Amino acid sequence: MYKEPFGVKLDFETGIIENAKKLVRKLSDMKGYFLDEQAWKELVEKEDPVVYEVYAIEQEEKDGDLNFATTVLYPGKVGKEFFFTKGHYHAKADRAEIYFALKGRGGMLLQTPEGKAKFIEMVPGTVVYVPPYWAHRTVNTGNEPFIFLAVYPADAGHDYGTIKEKGFSKIVVEEDGKVVVKDNPKWKE
Ligand SMILES: O=C(CO)[C@@H](O)[C@H](O)[C@H](O)COP(=O)(O)O
Ligand SMILES: [Fe+2]
């Protein structure tokens with residue numbers, strides 16, 4: 001009936017949560033995600049870098065319960081585009097989420113199913129509220145790992161398919177040494 005409460009240590013420097021399940025996403029796992037396909041291919045063939053790691057403490061998929069996870073998103077670019085997470089809607093689309101930035105700098109791209117997009121900058125201490133129904137992707141715009149904690153309903157799930165197919169309507173690129181959020185030329189509604 002009652003589950004056992006627990007506390008775990010989250011290392012703010014490395015993002016590692018003790019006893020968490022670790023997931024690693026390499027650039028080769030992200031075929032079709034970046035705008036510059038040639039630059040993606042070259043970088044995969046050259047070194048296939050780790051783009052991000054996730055340390056998750058997850059419960060059974062029941063409503064009312066909570067999961068939490070840190071993400072360590074490495075600095076880098078594919079062409080002009082900064083490294084990002086795949087991005088997803090929640091499988092139960094109305095499930096909201098809270099992100100809390102711990103280290104480095106970056107931001108979150110959010111998008112409604114109709115393609116209305118928003119970019120929110122994140123520095124250590126920024127808390128982002130992801131409302132129900134918004135897809136979300138984080139982007140590392142700095143030159144050190146961007147680390148954040150996410151807290152989300154245990155039954156939220158992930159729907160990666162829509163974003164994998166259509167992407168986000170905005171992209172985050174470096175132009176003349178500046179971070180620029182612009183329209184994605186490949187975006188189709
Ligand atoms: O939003 C959540 C959970 O709902 C985060 O924990 C991400 O799962 C993580 O930042 C990796 O990003 P994705 O590969 O899942 O898009
Ligand atoms: Fe999420």
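**Threonine 126**

I looked up threonine 126 and found that it counts as buried, at 19% relative accessibility. The cut-off for buried is under 20%, so threonine 126 falls in that class with its 19%. I note here that the model is a predicted one.

I then checked where threonine 126 lies in the chain. Its place is the loop between strand 8 (117-122) and strand 9 (127-130). Which residues does threonine 126 touch, not counting those up to four places away in sequence? I found Tyr99, Phe100, Ala101 and Glu121.

**Ligand 1**

Tyr99 came up again when I turned to the ligand. I counted 16 residues around ligand 1, and the closest are Tyr52, Thr71, Gly87, Tyr99 and Tyr160. I looked at the polar atoms next. The side chain of tyrosine 99 has an N or O atom 2.6 Å from an oxygen atom of ligand 1. For tyrosine 52, the distance from a side-chain N or O atom to an oxygen atom of the ligand is 2.6 Å. For threonine 71, a polar side-chain atom is 2.7 Å from an oxygen atom of ligand 1. The protein covers 96% of the accessible area of ligand 1, which is 400 Å² for the ligand on its own.

Where does ligand 1 sit? I found it in the largest pocket. I also asked which strands supply at least two residues each to the shell around the ligand. They are strand 2 (50-57), strand 6 (97-103) and strand 11 (146-153). Strand 11 gives the largest share of that shell, with three residues.

**Histidine 136**

I went on to strand 10 (residues 135-140), where histidine 136 is found. Is histidine 136 buried or exposed? It counts as buried, because its relative accessibility is 1%.

I listed the polar contacts of its side chain. One joins histidine 136 to the side chain of histidine 88 at 3.0 Å. Another goes from the side chain of histidine 136 to that of histidine 90, at 3.3 Å. The contacts of histidine 136, leaving aside neighbours within four places in sequence, are Gly87, His88, His90, Glu97, Tyr99, Met108, Leu109, Val130 and Phe168.

**Arginine 137**

Arginine 137 is in strand 10 as well. I read its relative accessibility as 5%, so arginine 137 counts as buried.

Which backbone oxygens does the side chain of arginine 137 reach? I noted that of threonine 85, at 2.9 Å. I also noted the backbone oxygen of lysine 86, which lies 2.8 Å from a polar atom of the arginine 137 side chain. With neighbours within four places left aside, the contacts of arginine 137 include Thr85 and Lys86, and also Tyr33, Gly87, Ile163 and Phe168. I checked one distance too: the C-alpha atoms of arginine 137 and leucine 73 are 11 Å apart, while the two are 64 residues apart along the chain.

**Lysine 164**

I found lysine 164 in helix 2 (residues 161-166). Its relative accessible area is 48%, so lysine 164 is partly exposed. Leaving aside neighbours within four places in sequence, lysine 164 is in contact with Lys31 and Tyr33. Tyr33 is also one of the contacts of arginine 137. From lysine 164 to histidine 88, I noted 8.4 Å between C-alpha atoms and 76 residues in sequence.

**Two aspartates with positive phi**

Last, I looked at backbone angles. Most residues other than glycine have a negative phi. Aspartate 48 has a positive phi, near 40°. Aspartate 176 also has a positive phi, of about 50°.

I compared their places. Aspartate 48 lies in the loop between helix 1 (37-46) and strand 2. Aspartate 176 lies in the loop between strand 12 (170-175) and strand 13 (178-183). Which of the classes, buried or exposed, does each fall in? Aspartate 48 counts as buried because its relative accessibility is 16%. Aspartate 176 counts as exposed because its value is 78%.

Notes:
Residues are numbered from 1 along each chain as its sequence is written. Chains are lettered from A and ligands numbered from 1 in the order in which they are written. This is a predicted model: local features need pLDDT of at least 70, side-chain atom pairs count only at pLDDT 80 or more; totals for chains, interfaces and linings use all residues. Side-chain values use heavy atoms; hydrogens and water are left out. Helices (H or I, at least four residues) and strands (E, at least two) are DSSP runs, numbered from the N terminus. Buried means under 20% relative accessible area, exposed over 50%, partly exposed in between (1.4 Å probe, protein chains only). Contact means heavy atoms within 4.5 Å. A residue is near a molecule or strand if one of its heavy atoms lies within 4 Å of it. A polar contact is a pair of N or O atoms within 3.5 Å; within protein, one must be able to donate a hydrogen and the other to accept it, and residues adjacent in sequence count only if both atoms are side-chain atoms. Accessible areas come from the Shrake-Rupley method with a 1.4 Å probe; for residues, only the protein chains shown count as cover. On a 1 Å grid over the protein atoms alone, a cavity is a set of points where a 1.4 Å probe fits but cannot get out, and a pocket is an open set with protein on both sides within 12 Å along at least five of seven lines; lining residues have an atom within 4 Å of a point. A molecule sits in a cavity or pocket if more than half of its atoms lie within 2 Å of its grid points.
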